[in-house]
Amino acid sequence: QVQLVESGGGLVQAGGSLRLSCAASGHTFSSYAMGWFRQAPGKEREFVAAINWSGVRTYYENSVKGRFTISRDNAKNAVYLQMNSLKPEDTAVYYCAADEDGDGVQVTTTPGYWGQGTQVTVSS
């Protein structure tokens, strides 16, 4: 099992950038797929991005493709979400997620572990 702690959220103007970090603890981190989800006011939680255990395969929700980049550093037990060209509709609480199925597909739907979330607010 792993514990996940997000950081890096904040307030940014539209068109700006933020980099979210997720620090993980627990054994076998390097074998886990990792992902990011978000939940905006009045909306369901939605998948944002995921990365397989080795980092060679990534998945993105269509609205963030070309703007967000997920990466991981297994030596540091960390996963990151670089968010560029932010839009007001990106405003949400962002959650780090993990799943022991390292392929990366399962974490996009029903991840086994969640972080506490970090608020991202994009002003217009």
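## Starting with a term

Contact here means that heavy atoms lie within 4.5 Å. This is a predicted model, in which local features need pLDDT of at least 70 and side-chain atom pairs count only at pLDDT 80 or more, while totals for chains, interfaces and linings use all residues. Residues are numbered from 1 along each chain as its sequence is written, and side-chain values use heavy atoms, with hydrogens and water left out.

## Pro-111 and its surroundings

Let's begin in a loop. Pro-111 sits between β9 (92-99) and β10 (113-114); strands are DSSP runs (E, at least two residues) numbered from the N terminus. Beyond its neighbours within four places in sequence, Pro-111 is in contact with Phe-37, Ala-97, Ala-98, Asp-99 and Gln-106.

Is Pro-111 buried or exposed? Pro-111 has a relative accessible area of 10%, so it is buried (under 20% relative accessible area, with a 1.4 Å probe and protein chains only).

## A disulfide across the chain

The structure holds one disulfide, a term for a pair of cysteine sulfur atoms within 2.5 Å. The partners are Cys-22 and Cys-96, with their sulfur atoms 2.1 Å apart. The link joins distant parts of the chain: Cys-22 belongs to strand β3 (residues 18-25) and Cys-96 to strand β9, 74 residues apart.

Cys-22 and Cys-96 are both buried. Their link is left-handed, with -85° about the S-S bond.

## An open sheet

Next, the strands. Four of them make an open, antiparallel sheet in the order β1-β3-β8-β7; two strands pair if DSSP finds at least two bridges between them. At the edges stand β1 (3-7) and β7 (68-73), each with a single partner strand, so one side of each has no neighbour in the sheet.

The antiparallel strands β1 and β3 are joined by five bridges. Val-5 stands opposite Ala-23 in β3.

## The nonpolar cores

Which residues have the most contacts inside the largest nonpolar core? They are Leu-4, Met-34, Trp-36, Leu-81, Met-83 and Tyr-94, in a core of 29 residues. A nonpolar core is a set of buried Ala, Val, Leu, Ile, Met, Phe, Trp, Tyr and Cys residues joined through side-chain atoms within 4.5 Å. Strands that each supply at least two residues of this core include β3, β4 (33-39), β5 (46-51) and β8 (78-83).

Leaving aside neighbours within four places in sequence, Leu-81 is in contact with residues including Leu-18, Leu-20, Trp-36, Val-48, Ile-70 and Tyr-94. Another core, of six residues, lies apart from the largest one and has among its members Ala-33, Phe-47, Ala-50 and Ala-97.

How values were computed: Helix = DSSP H or I, 4+ residues; strand = E, 2+ residues; numbered from the N terminus. Buried < 20%, exposed > 50% of the residue type's maximum accessible area, 1.4 Å probe, protein only.
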